[in-house]
Amino acid sequence: MANPLYDGLFGRHLGQKTVFLQLQDGTTFTHGQFLQQAAQYAHVLTDFGLRPGDRVAVQIEKSPHSLAIYAACVQAGLVFLPLNTAYTARELSYFMEDSGARVMICDPKSEESLAMIAQVTGARLETMDAEGQGSFAQKAVPHPLQFATVSRDAEDLAAFLYTSGTTGRSKGAMLTQNNLLSNAEVLTRHWAFSDSDVLLHALPIFHTHGLFVATNIALLSGCKILFVPKFDQEAIIALMPQATSMMGVPTFYTRLLDDPRFDRALCQHMRLFISGSAPLLAETHKLFEQRSGHPILERYGMTETNMTTSNPYEGERRAGTVGFPLPGIELKITDSATGKTLAQGNIGEIEVRGPNVFKGYWNMPEKTAEELRSDGFFMTGDLGMVDADGYVHIVGRNKDLIISGGFNIYPKEIETVLDAQEGVLESAVIGVPHPDFGETVLALLVPSSDHTPDLDAIHAHISQSLARFKLPKKLILLPKLPRNTMGKVQKNTLRDQFRDLFAKS
Ligand code: AMP
């Protein structure tokens, strides 16, 4: 009887009195306590009549208890389906229906609004709040603290994560036990995690970064997690002297740079800062290293592939790049139209293959066939380039590519030039419909604090370094860029907002 993911990550810690999670107020949960709670939850779920492979949807606040539901699902052979806490009842109705989840665990506050959806989809509705209280936890109390682990194969499904769905419907990415375990093993080794590490964890746990990358590495290495509900500047500054490592999205790092308390002394005990989920500006990388003495290690991955590339732990962490393919993972740059591999130095679509790559999209065989080639390569939809030293550069999303008058324009190239202009904090370049060119370039600029950038001067300046066809037709100032919870700029929102700017009147 085996369950590779449970045995590999959780089972190894059964009965251990070592601290797994430490909360902001100092409360701790040992590995043993955490696993006992998970075992009780596994009893409740199986008592509901759930069978291996059934989906358990969860939309609750980040807490040790919500994380224990993940462990419970793995132990009971169920498919864990965490959902962004920002999703509304209308959005949840799609996820419930599409996934066929048999149980939905929600915050007591949303019970009323979800009752109807649960009734329609036939799911059982249970509640759990941020303190781990609610109908689900109540049912767990009488259960034994041990649960006989359900046998699973490495290729069986362990989790569904819905992609953020910036175009069209969200897709349920089916992740197997081996997808998760193999990636945790590679990353733990690659980033040299050990049981003497203390990981500062301020990411959400409904997303691959905070859930799988951070948690699975901590479990595999046996390190302790400082578990913070969200990125709260005060808490991060207070806890950093106890930590050895942090995983964050780029906005965590820009916020730290904005805080005068963040300096070398504060991170004296730190070994590693990791960034991902959105591009880290080369400028931020440099400023961060100057201030803290630490070059941030940037890596690249996505829901469907787990982590794919990483800058080296030892060796040069090159700003503005996402490093090299991880051991055991293949990466190539292809021409999206023909699928042919391009020569080094060319920009094209990033394709990846390896044990990290998901099994496909739930209920969407055509979509799966479009993106997952029969030879196992997954077309990521990201555009990239491999430089002469083998470092991978992300140039943007395929769908963000601008085609103006027949020319391909990569927003990242223009953004890099704009970000370097006086008074500009950051920028987003998008394509908007244009009667003559099909599409044209629009640049949205966020001023740095206390600056009012001179747009005419910027335009004159960038026209010296960018070919005419790449020059933004217009520069517009915005107070900030729309971002999702993972710090990704939502270009689709910007495209919608400015779609009629150049329309013929
Ligand atoms: P998600 O599935 O939500 O994790 O989003 C994955 C997408 O985030 C990737 O396809 C990339 O477009 C983007 N992404 C992740 N890491 C990076 C990175 N280090 N630099 C640039 N983009 C990234």
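**Note on the predicted model and its ligand site**

1. A nitrogen atom of the ligand sits 2.7 Å from a polar backbone atom of Arg299. The model is predicted, and this distance, like the others below, is computed from it. The protein covers 92% of the 490 Å² of accessible area that the ligand has on its own.

2. In Glu298, a polar side-chain atom is 2.9 Å from a nitrogen atom of the ligand. In Thr303, a polar side-chain atom is 2.6 Å from an oxygen atom of the ligand.

3. The ligand is surrounded by 16 residues. The closest of these are Glu298, Arg299, Thr303, Asp382 and Lys488. Sorted by class, the shell has six nonpolar, five polar and five charged residues.

4. Which strand gives the most to the shell around the ligand? The answer is β13, with five residues. This strand runs over residues 297-302. Strand β20, residues 392-397, likewise supplies at least two residues of the shell.

5. On the overall fold, the protein chain has 15 helices and 25 strands. Its radius of gyration is 23 Å, close to the 23 Å that the globule rule gives for 505 residues, so the chain is as compact as a globular protein of that length. The C-alpha trace spans about 70 × 50 × 45 Å along its principal axes. Of the 505 residues, 57% count as buried.

6. The domain assignment of the protein chain gives two entries. Domain 1 consists of 4-15 + 30-152, and domain 2 of 401-498. The C-alpha centres of domain 1 and domain 2 are 43 Å apart.

7. Two residues deserve a look for their backbone angles. Most residues other than glycine have a negative phi. Ala192 is not a glycine, yet has a positive phi of about 55°. Ala192 is in the loop between α7 (177-190) and β9 (198-201), and with a relative accessible area of 35% it is partly exposed. Asn363, also not a glycine, has a positive phi of about 65°. The loop that holds Asn363 lies between β18 (360-361) and α12 (365-371). Is Asn363 buried or exposed? Its relative accessible area is 51%, and Asn363 is therefore exposed, since the cut-off for exposed is over 50%.

8. Pro260 is in another loop, the one between α10 (250-257) and β12 (272-275). Its relative accessibility is 75%, so Pro260 counts as exposed. Between Pro260 and Phe227 there are 33 residues of separation in sequence and 24 Å in space, C-alpha to C-alpha.

9. Ala89 belongs to a helix, α4, which covers residues 89-99. With 28% relative accessibility, Ala89 counts as partly exposed. Ala89 and Ala148 are 59 residues apart in sequence, and their C-alpha atoms are 35 Å apart in space.

Definitions and conventions:
Residues are numbered from 1 along each chain as its sequence is written. This is a predicted model: local features need pLDDT of at least 70, side-chain atom pairs count only at pLDDT 80 or more; totals for chains, interfaces and linings use all residues. Side-chain values use heavy atoms; hydrogens and water are left out. A residue is near a molecule or strand if one of its heavy atoms lies within 4 Å of it. A polar contact is a pair of N or O atoms within 3.5 Å; within protein, one must be able to donate a hydrogen and the other to accept it, and residues adjacent in sequence count only if both atoms are side-chain atoms. Accessible areas come from the Shrake-Rupley method with a 1.4 Å probe; for residues, only the protein chains shown count as cover. Helices (H or I, at least four residues) and strands (E, at least two) are DSSP runs, numbered from the N terminus. Ala, Val, Leu, Ile, Met, Phe, Trp, Tyr, Cys and Pro count as nonpolar, Asp, Glu, Lys and Arg as charged, and the others, Gly among them, as polar. Domain bounds come from an automatic or database domain assignment. The radius of gyration is taken over C-alpha atoms; the globule rule is 2.2 Å times the number of residues to the power 0.38. Buried means under 20% relative accessible area, exposed over 50%, partly exposed in between (1.4 Å probe, protein chains only).
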